[in-house]
Amino acid sequence: MRYLLTALCLLLTTSAFAQKHYDRLAAIDIQHYRFELTLTDESDKINGIATVDVLFKKDVSSFQLDLKKENNGKGMKVLTVMSDNKKVPFAHEDKKLTLNYTAKAGDRAKILVAYEGVPETGLIISKNKYGDRTFFGDNWPDRGHHWLPVVDHPSDKATVEWIVTAPSHYQVIGNGRLKERTNINADITLTHWQSEVVLPTKVMVIGAARFAIQESGEIYDISISSWVYPQDREKGFYDYAQAVPVMDWFINHVGPYPYAKLANVQSKTQFGGMENASNIFYSEKSVTGNRTAEGLIAHEIAHQWFGNSASEANWHHAWLSEGFATYFTNLYMEQKYGRENFVGREKEQREQIIAFSKQQRVPIVNPAIENYMNLLNTNSYQKGGWVLHMLRKKVGDENFWKGIQTYYDQYKLSNAYTEDLKNVFEGVSGLSLDQFFAQWVMQAGQPELKADWKYKGKKLTVNFTQSQAEDFIFDLEVDVVYEDGSTERKTVRLDRKSQEWTVDAKEKPAKIVLDPDTWLLFEQK
Ligand SMILES: [Zn+2]
């Protein structure tokens with residue numbers, strides 16, 4: 001009942017807060033974006049012509065795109081909106097462009113928005129660490145609307161093409177396949193990238209900079225390239241080539257790579273790395289010449305499957321993106337560096353989760369978060385990863401991989417809630433996982449566990465006490481270690497705040513070890 005109540009409360013908070021998103025997602029579905037952008041060296045003003053291909057799911061007399069309006073010199077000014085060569089009346093206020101356009105359910109329309117302005121964020125126009133001017137899209141979570149008219153929500157995916165005109169000393173990277181690169185004249189080059197598979201706007205970007213570019217390798221006909229600052233040419237090519245075996249591992253363990261290519265790009269992203277679809281933007285500092293970014297590379301590549309292709313249905317389920325990327329980095333490291341490396345990472349992340357829970361006792365899926373940047377927390381990353389780790393223990397290795405591949409296959413190029421992941425794993429394992437997901441994902445905290453034991457007459461009796469506020473039910477492995485070094489592995493189900501457990505023991509143990517193989521998220525008291 002406790003869990004049902006929690007779930008109900010979550011539902012209520014979600015609906016009030018997110019209603020505006022759901023209303024729009026129910027009315028329109030963007031099919032394709034064509035962004036024609038002009039970048040210059042004269043100013044940070046960009047000129048854009050966006051053609052937005054809209055499918056109407058309901059009869060409407062108006063609808064909204066997200067676009068930040070110009071204010072104090074930053075933001076976008078809409079020059080005109082057209083459809084079928086006719087002007088579309090519009091109103092532009094703050095973040096919303098309202099188009100007075102009448103359509104019936106099932107209609108399609110191409111809406112052309114001509115605009116210009118200096119992006120406040122979303123497209124970072126600045127100088128890199130070598131003083132060279134650069135342009136880098138940086139949309140996560142919903143900053144795409146600072147430079148693009150879009151439905152800025154992960155559940156409205158669309159195909160996209162970029163036609164970027166820029167001074168010829170820049171090379172332009174974008175999502176998908178390179179369709180065209182033409183020197184318009186001595187000074188200006190047009191670059192056209194196109195993604196034929198749908199993307200969420202959070203990973204829909206271009207970058208323009210002076211780049212050194214190298215093909216790092218090819219895996220299953222997918223080109224993997226490195227785009228680094230020319231000053232970092234040798235170091236960057238060396239560092240980013242680590243992406244090649246990572247791609248191979250993910251394709252073999254999760255499923256076919258969803259995109260046309262992978263470019264690993266040194267950039268001015270505000271994050272350590274940003275998993276933009278088919279062109280990952282890494283921070284400038286990621287290049288050292290010592291291959292120090294392997295974990296980061298594995299993390300961002302994991303996102304190509306989890307987050308970009310199988311995306312969270314809304315931001316509050318961001319752990320389906322970050323938790324997966326965190327855990328799959330650990331798994332990649334395990335096959336490369338061995339079990340000890342993996343267990344070390346799990347233990348370190350468990351400590352971080354415990355420390356975080358003492359600062360903020362909130363569940364992983366926490367609809368109270370209104371500033372989505374705050375979702376970049378230990379819950380989404382480390383705890384999300386630990387949920388997958390415990391799920392693997394719960395269903396077993398074989399079902400875990402079957403579940404991962406089924407989940408990806410079912411939700412690729414689409415969106416999922418935590419509930420969808422649960423349903424997939426219930427399907428492959430035959431287990432009911434309601435309580436597992438309720439306590440680890442929808443409830444805050446983790447068990448704080450104390451074990452006092454005594455031995456008498458070939459019996460070992462352990463008194464377990466859970467001192468945390470929340471209720472948890474879980475299986476705990478216990479090693480009974482004897483003086484001669486021999487060990488017996490036992491499993492106990494703990495489902496109360498205080499319980500006594502008695503098992504046979506051949507003699508007085510030297511010690512007992514809780515969770516000897518590091519499978520449980522708990523704090524030992
Ligand atoms: Zn990430």
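**Close-up views of the predicted model**

**Figure 1. Three strands form an open sheet in the order S26-S25-S28, with antiparallel pairing.** In this predicted model, the edges of the sheet are strand S26 (487–494) and strand S28 (511–514), each of which pairs on one side only. Neighbouring strands of the sheet are turned against each other by 30° on average, direction ignored.

**Figure 2. Strand S25 (residues 474–481) and S28 run antiparallel and are joined by four bridges.** Valine 481 has lysine 511, in S28, as its bridge partner.

**Figure 3. The zinc ion is coordinated by two histidines and a glutamate, namely His299 (NE2), His303 (NE2) and Glu322 (OE), at 2.0 Å.** Along the chain, the donors of the zinc ion follow the spacing H-x3-H-x18-E. Distant parts of the chain are linked in this way: histidine 299 belongs to helix H4 (residues 294–305) and glutamate 322 to helix H5 (residues 319–337), the two residues being 23 residues apart.

**Figure 4. Two of the zinc ligands, histidine 299 and glutamate 322, are shown with their accessibility.** Histidine 299 counts as buried because its relative accessible area is 11%, under the 20% limit. Glutamate 322 is likewise buried, with a relative accessibility of 5%.

**Figure 5. Strand S16 (residues 212–219) and strand S17 (residues 222–228) pair in the antiparallel sense over seven bridges.** The bridge partner of isoleucine 219 is isoleucine 222, in S17. Two residues lie between the strands of this hairpin, in which tyrosine 220 adopts a positive phi near 50°.

Technical notes:
Residues numbered from 1 in each chain as written. Predicted model: local features only at pLDDT ≥ 70, side-chain atom pairs only at ≥ 80, totals over all residues. Heavy atoms only, no water. Donors = N, O, S within 2.8 Å, 3.2 Å for Na, K, Ca; no water. Buried < 20%, exposed > 50% of the residue type's maximum accessible area, 1.4 Å probe, protein only. Pairing = 2+ DSSP bridges. Axes fitted to C-alpha atoms, helices over the stretch in contact; angles between N-to-C directions.
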